[in-house]
Every structure is written in C-alpha cells, then in structure tokens.
Amino acid sequence: MQQSRNLGAGQARGNLFPPAARASRRSMITALVLGVLLLLLPVPEMLRAAQIVTLPGAGFLNQAIINAAADTGAFILLALGLNIVVGYAGLLDLGYAAFFAIGTYSYAILASSWKEIHIPFWVMLFLSAGITALFGLAFGAPTLRLRGDYLAIVTLGFGEIVPTFILNLDQLTAGTNGISGIDKPSIGSFVIGANNDNIGFYYLALALVALIIFIVNRLRDSRLGRAWMAIREDELAAASMGINTTVTKLLAFSLGAGISGFAGTFYGAHLGFASPEQFNFSQSVLILCMVILGGMGNMWGVILGAVIIYLLQTVLLIQLNNWVNDLGRALHVDFLVQLNLSSNTFYIYGIVLVLFMLFRPEGLLPNSRRREELHPESTAIEQAERQEVYDTREAQQADPDTRGGE
Amino acid sequence: MAFHFDLILLLQQLINGISKGSVYALIALGYTMVYGIIELINFAHGDIFMLGSFTAISALELFGVNTKAPANETLKDPVVVVAVLFLSLVITMVAMGLLGVLVERVAYRPLRNAPKLAPLISAIGVSYILQNAGETWRGPSTVNFPAVFVEPLLQIPTLDPSRFLTIRSKSILILVVSLILMALLTQFVQRTKMGKAMRATALDRETATLMGINVNMTIALTFFIGASLAGAGGLLYGMFIRGVQFQLGFQAGLRAFTAAVLGGIGNIPGAMLGGFLIGLVEALSDNYLQSQWTQAVVFGVLILILVFRPSGLLGQRVAEKV
C-alpha cells in the first residue's frame, strides 16, 4: 500500500492545479450551461401558447415532452436518493420503490379529497420526506448489520411487504382503487398545473432537482459522505478508523429514503393519482438501472442514467418502435411490422443490465474510484500491488519512483 | 373474527403445505448450491423454474398428451403414465440444466472476480430476460397445464363419520419424486468424486484449483444440477396447480430463496427443511389469514430469520473473511 500511494503522488506532481479542482470547475461550467438550457426549454411552447410567436422548436417541445421532462425530474430525485444508499454507502437496496410508495401515499392521504385533509404541498414536501426517512430508520435499524446480499434480500422483502400493506389496508389507502384527486401545489392563488399545464410542474421539478443536487453535493463532501465511501470501500477498515458504521449506514438509508419521499410527493402531485401497482419490484429495479447505467456513485452519471432510461421508456422506445414498424412495411418484413418494442421493455432492461455488467460495470459516467476497482488491470495501483506480491525486488529496480518512503 | 378450531381442516392444510413445500425445497436446493459455491444469489433461478414448467408442457405434448383435453380425458394405462412422466421429467431436467449452464457461462462466469454487486445485478438482468422469454413463448395469461392422468383421491376416514381427510394422489407423487431427487442429490454430493470436488470448491476455490480440480467445470456442474432440479420442480408444480404463468418464477423463486435462507444458505439439508417449512407457513397463512397477506407473511418470516438468526436453522455461523 505504501508504494501505491507514492505512485499516485508522483503522477500528480508537476500540475499547477490539482486534477480534482480542475474537474470540479469544468463540471460547474457544464452544470451552468445545462441549467440555463433547461430553464429555457419550455420557452418556445410558452410563446406558442401565448400566441406571440411560433419558434421552429415549438412543435417538438410540446406539452407531452415537457410533461415527460417533469416526470423525469421525479425519477432523477429517486435516482439521486438511491445513489446515496447504493453508490455512496455501497448498500444494495432492491426495495427502494417501497419508500417511493410511502412518500407518494403520505401526500396522497394527507392532501387529497380522499380523507378531506388538505395539507399544503410545500409543508407535505418536507413532512413526507420526514415520514419516509422515519420508515427508513425503522426498516434499517434492525437489518443494516446484515451484509451485502442478505441486506439486498431484506430490502427486497420490504419492497414486497409495503405494497401488500397498501393494497390490503383499504381503510387508509383505498386499496386497489388507489387515491385520486390529489391536490396540486399552489403559490398563493396560483395553482401549479391548473388546466393540465405542465410547464409549472416542469419548473417545480427543476427547482426540486436543483435543491437535492445541492444537498447531495454538500453531503458527499461532508464528513458523513466521506464516511459512507469509506464504508463502501472497506467496512472493517472504516470501523477501525473510528467510524460508527451502524449510525453511518443508517443515515445513508434514512436520507436516501427521505429523498424518495420528496420525489413521491412531487410525483403524486403531478400525476394526481396513486395506486399500489406503481411501486412493485420492477419499479425498484428501474431506479436501480438508472443508478447503475449512469454510474454508481457519480451524481451527474446517475442523473444522466435517470434521463436516458425514463425518456427511453416513455418517448424514445415508442418513436423507435414506429420507425422499426415503418421500416418493416417498407421492406415487407412481417417480423419488423409486428415487433412491439414498448411492450418488451423488460427484455431491453434485462439485456442492458447484463451487457453493462459484462462490458461497462462502472456505468456511462463512472465514479473514478469505482472505475479503478472494476478495471484493475489498467491502473498503476494494481500493477504496483501485483509486483509487490510476486516480485518485490525486481519492481524496485525497474521503477525507482516506488522505492521512496520505505 | 370467530375462530373455530378444526383439526381436519388443519391436517388438510398441512398436507397441502408439505406438497407445495417439496417443490419449494427442490427450487431452494438450486439457490443454496449456487450460493454455497460462488456466493451469488441467482435471481434467474426462479425463472428457470417457470421455463421448466413451460418446457414440461411441450415435453408432454411430444409424448402425445393432449394439452387441450379436459381433465377426465387423459392417459389411462398406468405404465404409459409412468413412462411419459419419467421421460418428460428427464427432458425438462436436461433442458433446464443446459439453460442454467448457459446462463452461468454468459452472465456470471466473466464476472467471477468482479465486486459482488456485479454478478447480482447481472442475475437480475437475466431474470428479466428469461421472464420475457417466457411471456413471448406462452403469452401473458395463465397457461393450462395438462392433467396427464385422472388422479384417484385417497379418502381417509376420520373420527367424524361425515367427513374425510382427502389426499390427492398427485401430492403423494410430488412428495415421492422430490424425496427421491433429494436423496440422489445428497448421495451425489456426499459419495461421488464430483460431489467431493463441489464441496472442495465451495470451501476454497483457490486451494481446490491447486488440488487439480477443474473449478470451471465444477461450477458449471453445480448450475446444471441446480437448474435441473428447478426444472423438475416446474413439472411437478405445473401438474399440481394445473396453471402456469410467466411471472410465476419471481414469486416462487422468492419463496424458495426464503426457504434456502431459513434452512441456512449453502446447506443442502437446510434447504429441504426450509422448503417444507415455507410450504407449511404459506398453507397456514392462506387458510387462517387471507391469502393476500401470504406474501407479507413469508417475507416477514424471511426478515425475522435474517435479523435474529442469519445463519439459518441448520447453518453454522461463519466468521467474516477479512
């Protein structure tokens, strides 16, 4: 280990700016540009709706796309929340949809005509985050001392139990019927999303995502965030460094759950409807796919993953399907005409999961440390370690840089 | 809720539970063997069970069983029944065994030295692919499983002269076939050289390699055996329940996995015990609670075991490898 650390320092030597600082400045500029673009996205549609001017993009950026974009926001929140649990703390959660369900139902029960309780959206946003975080604590406290696979299975169990309860406690949750008529958020007398206008929800999603990105970013660099990553890398070593692993893991679980409560409230308000089928195992896997595809542990990667998968499912696949069917008609291939890609989304998810694990397990935008773990043959650290084990003397002769500090 | 204790009903449920439990035990064996040897929760295993059921339908068709026929128009000659069932069982087991080996080769072997999360996620992916393959093959609705033979019912007289304890002959068949397969498996693992190689690989893969054991072969063999037992389970389950659906594998697989954990994962007798216990829990919960709660009850059991006795009923506490 001594050698590898020296090797790392040797590479960084000679740079005026440490690579981390340069990378963070670059990503800040990217985020700024992206943010401005996202803020402007609905403008053509607004101008068209107000009959001021019809810009060339207005037809494409119609209400449906903006609607999908607002929903994508909810899934970005979910992916960011799950990323805390899976990506930062390294705890595989296969039942994350359970917390999403609890969040959505908290809002649906406390802010709808179902029980005639109408707590304002802005209060509920934090209240249901608190409720789900408490559930996260309750589920996590007895189970988080389990390791790896066992934890995955227990979370899967929660993911199955929560919808079962929602389905069967029909006094509270309206059972299979689901809860409809969920309140829309309002600022003073202005109701967001009145008259099925999605632009308000789009901006709300943007604001919520920005808020959570800010929080997650701060958390990641905090003492707690570093403790999560230390546990992910090596729980035993982290514990011997004085990290209270139980409390740290519990906080990851509970904060991750809290963010899904946040997402659930928004999702419930946007959809206006909550039913138990929205929160099954597939939903948990879908969110997990976003995290893995994008790059576990990398916030921007996870956001990219959420955008790609959600848009793939709602927009791209349907488009692609039409193209394939048209192609089939043009070429007179019956198979292509009848192919229905959107009903076979799970084939695609399955294949994507397997292929990514086989060829790019670190995801599209990987977290740098995970990439090195997953492709050890390419890193200097691994080479140094290998030489250390098998051929110490030769390694020292060949590379004088590794000798220092012993 | 008026609760009135009915011994005959209870016995009836216990019998149902044991026959269902023997199928869970067969599936659980596959989970436990694979976990024992490469520490992977093979998520695709339940879907192999489901495809086993579908394959069994095709195999039975191949031997002239009319799958569309009503339950009373079935094979009559007992010799033919036994021969057809045996051959279908063999075909299903071999086909599923090969599928298991294929899955291992394509989706798990390249990831053997990757972090633990990678093969687990790959397994979830395979599970989705197989589930969709099942849907493409037999459609989304429940598929009729042929009755194969008209089953005589055993009516056992009870103290109450107006009531009988009914035992379906198929539940006896399931139990007997499962017990035979489990006995064969135990003998194989304990007595043969290949079984010894499997145990050695499970204990320490590197040392096993040094002892001249072909580890890749041994792991492939484990997958073959596990998947073929799931295939056998698929045939038996289909014959018992008479209806199979492509999502069956997820549910049954999770229950079987619970069984494996209950018995102590990696432990072969434990998986059998766990299977029977989960079958009983399910039958009792179906009867004394409402069946829609069964899923929650089974998972409640799983969570309680994992929290209070993670090594399972028959498992031993293993020290954490550092």
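These exercises work through a predicted model with chains A and B.

**Exercise 1.** Describe the interface between chain A and chain B.

Solution. 
- Start with the contacts: 39 residues of chain A are in contact with 41 residues of chain B.
- Next, take the area. About 3600 Å² is buried between chain A and chain B.
- Then ask which atoms supply it: carbon and sulfur atoms give 78%.

**Exercise 2.** Find the residues that touch the most other members of the largest nonpolar core, and follow B:F43.

Solution. 
- The largest nonpolar core has 195 residues.
- A:L94, B:F43 and B:Y108 touch the most other members.
- Now list neighbours of B:F43, leaving out residues up to four places away in sequence. From chain A, they include A:L94, A:I153, A:L156 and A:F281.
- From chain B, they include B:Y31, B:L120, B:A123, B:I124 and B:S127.

**Exercise 3.** Locate the nonpolar surface patch on chain B and classify B:L87.

Solution. 
- The patch is formed by B:L62, B:F63, B:F86, B:L87, B:V90, B:I91, B:V94 and B:L98.
- Together they have about 700 Å² of accessible area.
- Helix α3 (residues 78-108) of chain B gives the largest share, six residues.
- B:L87 lies in this helix.
- Its relative accessible area is 39%, so B:L87 is partly exposed.

Conventions:
Residues are numbered from 1 along each chain as its sequence is written. Chains are lettered from A and ligands numbered from 1 in the order in which they are written. This is a predicted model: local features need pLDDT of at least 70, side-chain atom pairs count only at pLDDT 80 or more; totals for chains, interfaces and linings use all residues. Side-chain values use heavy atoms; hydrogens and water are left out. Patches are made of residues with over 30% relative accessible area and no salt bridge: like charges are joined within 9 Å, nonpolar side chains (Val, Leu, Ile, Met, Phe, Trp, Tyr) within 5 Å. Accessible areas come from the Shrake-Rupley method with a 1.4 Å probe; for residues, only the protein chains shown count as cover. A salt bridge is a side-chain nitrogen of Lys or Arg within 4 Å of a carboxyl oxygen of Asp or Glu. Helices (H or I, at least four residues) and strands (E, at least two) are DSSP runs, numbered from the N terminus. Buried means under 20% relative accessible area, exposed over 50%, partly exposed in between (1.4 Å probe, protein chains only). A nonpolar core is a set of buried Ala, Val, Leu, Ile, Met, Phe, Trp, Tyr and Cys residues joined through side-chain atoms within 4.5 Å. Contact means heavy atoms within 4.5 Å. Buried area is the accessible area (1.4 Å probe) that two parts lose on being put together, summed over both.
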